[in-house]
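Here is a short briefing to read with the model open beside you. Take the topics in any order you like.

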Amino acid sequence: MRQTIVYHAKKHFSLASVLLLASFGLFLVIAASIVVRPIVAAGTKTATVHPKEVPTNNFDVSYPIFGIPTADATMKQFADSKTAEFLQKLGHEKYNLQNSLVLRYTVLYKDTRRASVVFTEQEQRVGMPTVISHRTMTIDLLSGKELGLGDLFKDEHQAEEVLGMLFFDYFKERHASELTQQQFVGLLQFKLANAREFWLQDGLLVLRLDPSQLQNGKKDRSIAIKRDLLNDILVDHGSNDQATSDSMADYSIVTQPKPGGAIDPGQKMLALTFDDGPGGYTNRVLDTLHKYRSHATFFVIGRQVLGHADIVRRTINEGNEVGNHSWDHAALPTLTHDQLRQEVDDTQNAVRSVGDGYTPVQMRPPYGALNSSVADFLGSHNLKVALWNVDTEDWLYRDQQSTYDRIMHSAGDGNVILLHDIHPTSVEAIERAIPDLIGQGYQLVTLSQLERYR
Ligand code: ZN
């Protein structure tokens, strides 16, 4: 019966198509699941969006910078539009810190001409369930234009014929029992518009198909096709396009890669906090955080901010949180009201001036020293008192091993760990501890992120 369907379906295609199908048949090997390895493309940097009119920590929005103005503008425009859309949804609720938008990305592919990026958006509004959505985008790096699936092919009609046959072949070989006869015929009538999304990966074109076209009631599928198979019908691609490995299956089922950095509320998390910087070792902490796609909170001393503007800016731009640790490490309860105001406001202003409007929402009182009038003052200045529950005493021992041990022994879901990024021994300790914590399944998040989920 199936043979008959094949015959009738093939009748609609040209002889050339049938020959193409035959030659694809020769290439067909047993498909294996491949591991999607999102890449951090060389030369790609991260930028962030901070709407000025709302508390900064409501928004944790980042997008890639390729260093090509038109492409970067497209990415920024996307991040800005998501931010504006969320602000509009919030309306008068925009000052409520419990509302949050997290936008994270992963560069799936990049050659000299094109890049594929997947964005994950995590939207949280008071009284509403968390909404998580994905958006895949392939852009022409030179024009900045977002490419449609049809833009990848010399001829859309030809592409539909060839892809239809490939899918037909794939399902016939692998999942014949899953499809009805009608769905088999439907595969041969594949339309580019039926692909819900697509993206490029090294050597592969991945298409996510409309589930209604495939299996009833089953999860939708993303199918990766070796681009070598499509060379004749694809438009010329950029150089640097990695050659396909011979061992790669011609077709594979892939799952959509998840951008690193999106927080999974169901997985354990902790907040590393670094006091008394910025200083000469802060960049090393930032390097390690960046390498492991992790984030932390830095409680800065106001008078050190202007002299280390680049570091503070980098801290913010890489998605970390910057908090207030007073202007000159004063014990706040000993101050007059005016002195207190100056210690706090001058530091806020210093961070705002170097951080393009970024406004700290957390204040860690030096020595943890606090009384009710200080607490009232901070509350009226939209600053939360940020203490800790794990003290590594790194400033006291200044010993790499002891600091590492204290971090690892006290690691626990929801913990806030106190460290100082002004001691090289502390920095050495966290260079070891960060990968080890991640190995234990911890997500390293900022204090405001931790408060949102724990
Ligand atoms: Zn301190």
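## Backbone, helix, metal and core

Arginine 398 sits in the loop between α10 and α11, and its phi is positive, about 45 degrees, although it is not a glycine. Please keep in mind that this is a predicted model. The chain has 454 residues, of which buried ones make up 53%, and its secondary structure comes to 13 helices and 17 strands. Among contacts in the chain with a separation of 6 or more, 70% are between residues 24 or more positions apart.

**Backbone points to look at**

- Most residues other than glycine have a negative phi, and most peptide bonds are trans.
- Asparagine 382 belongs to the loop between α9 (372-380) and β14 (384-385), and it counts as exposed because its relative accessibility is 65%, over the 50% cut-off.
- The peptide bond from glycine 277 to proline 278 is cis, with omega near -5 degrees.
- Proline 278 itself is placed in the loop between β10 and α6.

**Helix α12**

- Does the length of this helix fit its residue count, or what span should one expect? At 1.5 Å a residue, the 16 residues of α12 (residues 424-439) should span 22 Å, and the end C-alpha atoms are 23 Å apart, which agrees.- At alanine 433 the helix α12 bends by about 25 degrees, and proline 435 follows within four residues.
- Thr425, Ser426, Val427, Ala429, Ile430, Ala433, Ile434 and Leu437 are the buried residues of α12.
- An α-helix has 3.6 residues a turn, so residues three or four places apart point the same way.
- Glycine 441 follows α12, and its phi is positive, near 95 degrees.

**The zinc site**

- Asp276 (OD), His325 (NE2) and His329 (NE2) coordinate the zinc ion at 2.0 to 2.1 Å.
- Along the chain, the donors of the zinc ion follow the spacing D-x48-H-x3-H.
- Aspartate 276 lies in strand β10, while histidine 325 lies in the loop between β12 (321-324) and α8 (337-354), so this pair ties together parts that are 49 residues apart in sequence.
- Aspartate 276 and histidine 325 are both buried.

**Nonpolar cores**

- The largest nonpolar core has 34 residues, and those touching the most other members are Leu270, Leu272, Phe274, Phe298, Ile407 and Leu437.
- At least two residues of this core come from each of β10, α6, β11 (297-300), α7 (309-317), α8, α11, β16 and α12.
- Helix α12 gives the largest share of this core, six residues.
- Isoleucine 407 is in contact with Thr392, Ile417, Leu419, Ile430, Ala433 and Leu437, leaving aside its neighbours within four places in sequence.
- There is also a second, separate core of 33 residues, and Leu207, Leu209, Leu229 and Ile233 are among them.

**Threonine 282, a buried residue**

- Threonine 282 is found in helix α6.
- The relative accessible area of threonine 282 is 2%, so this residue is buried.
- The side chains of threonine 282 and aspartate 421 are joined by a polar contact of 2.8 Å.
- Not counting residues up to four places away in sequence, threonine 282 touches Phe298, Ile311 and Asp421.

**Leucine 306, an exposed residue**

- Leucine 306 is placed in the loop between β11 and α7.
- With a relative accessible area of 54%, leucine 306 is exposed.
- Leucine 306 and valine 351 are 45 residues apart in sequence, and their C-alpha atoms are 8.1 Å apart in space.
- Ala350, Ser353 and Val354 are the residues that leucine 306 touches, not counting those up to four places away in sequence.

Definitions and conventions:
Residues numbered from 1 in each chain as written. Predicted model: local features only at pLDDT ≥ 70, side-chain atom pairs only at ≥ 80, totals over all residues. Heavy atoms only, no water. Expected span 1.5 Å × (residues − 1). Bend = angle between axes of the 7 residues up to and from the residue. Buried < 20%, exposed > 50% of the residue type's maximum accessible area, 1.4 Å probe, protein only. Donors = N, O, S within 2.8 Å, 3.2 Å for Na, K, Ca; no water. Core = buried A, V, L, I, M, F, W, Y, C linked by side-chain atoms within 4.5 Å. Contact = heavy atoms within 4.5 Å. Polar contact = N/O pair within 3.5 Å; in protein donor to acceptor, adjacent residues only side chain to side chain.
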